[in-house]
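Reader: I'd like a close look at one spot in this model, and then a walk through whatever holds the rest of the chain together. Could you take me through it?

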Amino acid sequence: MSRVMTVLVVIVASLVATVCGKFASRAEEEAFVQSKINFLTKNTPHQLIKDDTVYIYLDLFQLVDVDEKQGLVNAKFWFYLYYYIEELGWDSNVTNVTVLHLPAGTFWVPDVVALQVTQEISGYEFKGQIILSYGIVAPQSSLKNWKFSCGFNVEYFPFDTQTCHLTFVIWTGDEELPPYLLGVEKSILRDNVSMLLDSFEENDQWEVTSATLVTAGEAILVTLSIRRRHLYFFNVIVMPTIILALVSILTFLLPVESGEKVSLGVTILLSQIVSLLVLNDILPSSSLSFPLLGTFAMRTIILISVSVLLAIIVINVHHMDGSVRVPRWVRRLFRSRMVCLAGVTPVRSIKVTLQPPAPSSSVEQEKTAGAESDDSQAAHDGEVTWPKVAVLVDRVAMLLYSVVMIVTVVRFLVDIMGERP
């Protein structure tokens with residue numbers, strides 16, 4: 001096992017209070033420990049650090065919560081600080097001891113902070129500090145529960161992947177302390193950059209795709225990539241929104257005589273607005289990355305509003321006053337085969353010959369005969385009435401609306417589930 005891997009193994013072993021080796025007597029052990037303390041008393045530890053470098057190691061333990069509305073992530077990390085002081089080392093073959101446990105506060109603890117952390121929730125600080133036989137000092141080993149800020153890009157919600165950063169820097173105001181650097185030993189990482197994640201507990205809403213730890217100038221940059229588990233949101237939000245959009249096509253199939261044509265359209269419109277409000281409660285109020293699902297909901301709201309307007313127009317045409325004659329160009333349209341494309345039967349051009357009324361000396365009889373003649377002409381199969389015009393308008397509007405709505409739904413699915421730019 002390499003020297004660096006031994007560092008990690010010993011640090012982890014110290015967490016469970018494993019002591020390797022024993023002294024011949026208690027007095028000998030106390031004298032050995034006191035010698036190390038005396039050395040630290042006579043010398044300033046941070047002036048003896050090898051290469052003036054303090055090393056950091058993190059390992060993600062648990063992703064507690066992700067609050068995209070507030071832009072915060074709550075996570076637990078195993079956090080280790082250690083450095084090398086060769087003068088504190090000893091020959092483990094002579095003493096038969098490889099690690100010493102000393103009281104907390106014995107060694108100098110570097111002042112290292114994470115800039116994105118907004119709150120440190122109660123974690124667990126391991127009691128005591130340790131020294132390894134080849135001069136490694138671990139002044140801090142703890143389980144940190146941090147709540148830190150993260151910029152969320154929810155454009156592809158719920159198929160989104162988020163990238164969060166933690167930047168560790170030296171934070172000290174004591175000008176008497178000599179400068180020191182932060183470093184990462186790549187040998188203890190997977191592929192020299194990734195955390196081991198051996199003890200990571202899975203989250204039911206998010207999946208960790210990568211967790212890296214690299215040196216970025218004078219800082220240590222932790223990059224955490226998480227991908228949302230989309231099944232719940234797809235079934236609860238995405239599918240109902242798509243279904244409502246497609247159901248709105250049925251508004252045109254509802255006959256005017258039912259009296260519910262506009263009511264159905266308004267009900268679907270309100271349901272779609274509720275879906276948009278639910279989405280607003282989940283996602284952050286950001287204009288930098290507006291979700292495609294929100295854009296789709298807005299488009300369908302506009303289209304459904306247009307369908308309600310068309311339904312009102314169809315109802316008005318259907319109830320048009322019969323004394324108003326249908327325009328000639330509309331009557332010609334009904335006699336062409338183009339109306340078959342809208343599912344309307346064309347009107348045959350039939351010549352109707354009206355019989356003159358029988359002679360009568362009474363004026364009332366003449367009026368009655370003329371009225372009967374007009375009624376028989378209106379009832380003829382070749383007559384184009386306003387209800388027929390309303391049906392034609394309704395069918396044409398349904399065809400156009402269906403094409404636009406289906407294209408909108410397909411485009412949304414391709415954009416949200418396709419390859420990311």
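Which residues does Lys261 touch, not counting residues up to four places away in sequence?

Author: Happy to. A word on ground rules: this is a predicted model, so local features need pLDDT of at least 70 and side-chain atom pairs count only at pLDDT 80 or more, while totals for chains, interfaces and linings use all residues. Residues are numbered from 1 along each chain as its sequence is written, and side-chain values use heavy atoms, with hydrogens and water left out.

Now your lysine. Leaving aside residues up to four places away in sequence, Lys261 touches Thr251, Phe252, Leu253, Leu254, Val256, Ala311, Val314, Ile315 and Asp394 (contact means heavy atoms within 4.5 Å). Lys261 sits in helix 5, residues 261-282; helices (H or I, at least four residues) and strands (E, at least two) are DSSP runs, numbered from the N terminus. With a relative accessible area of 2%, Lys261 is buried. Here buried means under 20% relative accessible area, exposed over 50%, and partly exposed in between (1.4 Å probe, protein chains only). One of those neighbours comes up again: the Lys261 side chain reaches the backbone oxygen of Phe252 at 3.3 Å. That is a polar contact, a pair of N or O atoms within 3.5 Å; within protein, one must be able to donate a hydrogen and the other to accept it, and residues adjacent in sequence count only if both atoms are side-chain atoms.

On to the salt bridges, each a side-chain nitrogen of Lys or Arg within 4 Å of a carboxyl oxygen of Asp or Glu. The whole structure has eight of them. Among them is Glu120 with Lys144, at 3.1 Å from N to O. This one ties together distant parts of the chain, Glu120 in strand 5 (residues 117-125) and Lys144 in strand 7, 24 residues apart. Glu120 is partly exposed at 48% relative accessibility, whereas Lys144 is buried at 9%.

Another is Arg228 with Asp160, whose closest N and O atoms are 2.7 Å apart. Again distant parts of the chain are linked: Arg228 is in strand 11 (residues 219-228), Asp160 in the loop between strand 7 and strand 8, and 68 residues separate them. Both Arg228 and Asp160 are buried.

Then there's Arg229 with Glu202, closest N and O atoms 3.2 Å apart. Arg229 lies in the loop between strand 11 and helix 4 (231-247), Glu202 in the loop between strand 9 (181-183) and strand 10 (206-216), 27 residues away. Arg229 is partly exposed at 33%, and Glu202 is exposed at 60%. Shared partners also join Glu68, Asp160 and Arg228 into one salt-bridge network.

There's one disulfide too, meaning a pair of cysteine sulfur atoms within 2.5 Å. Cys150 and Cys164 make it, sulfurs 2.0 Å apart, and at -80 degrees about the S-S bond the link is left-handed. Cys150 is in the loop between strand 7 (136-149) and strand 8 (161-170), and Cys164 is in strand 8, 14 residues apart. Cys150 is buried at 10%, and Cys164 is buried at 2%.

Last, confidence. The mean pLDDT (the predictor's confidence in each residue, from 0 to 100) is 79 for the chain, with 76% of residues at 70 or more. Residues 1-21 fall below 50, and that stretch has 43 contacts beyond near neighbours in sequence. Residues 369-381 are below 50 as well, with 10 such contacts. Where pLDDT is low, the predicted coordinates should not be read in detail.
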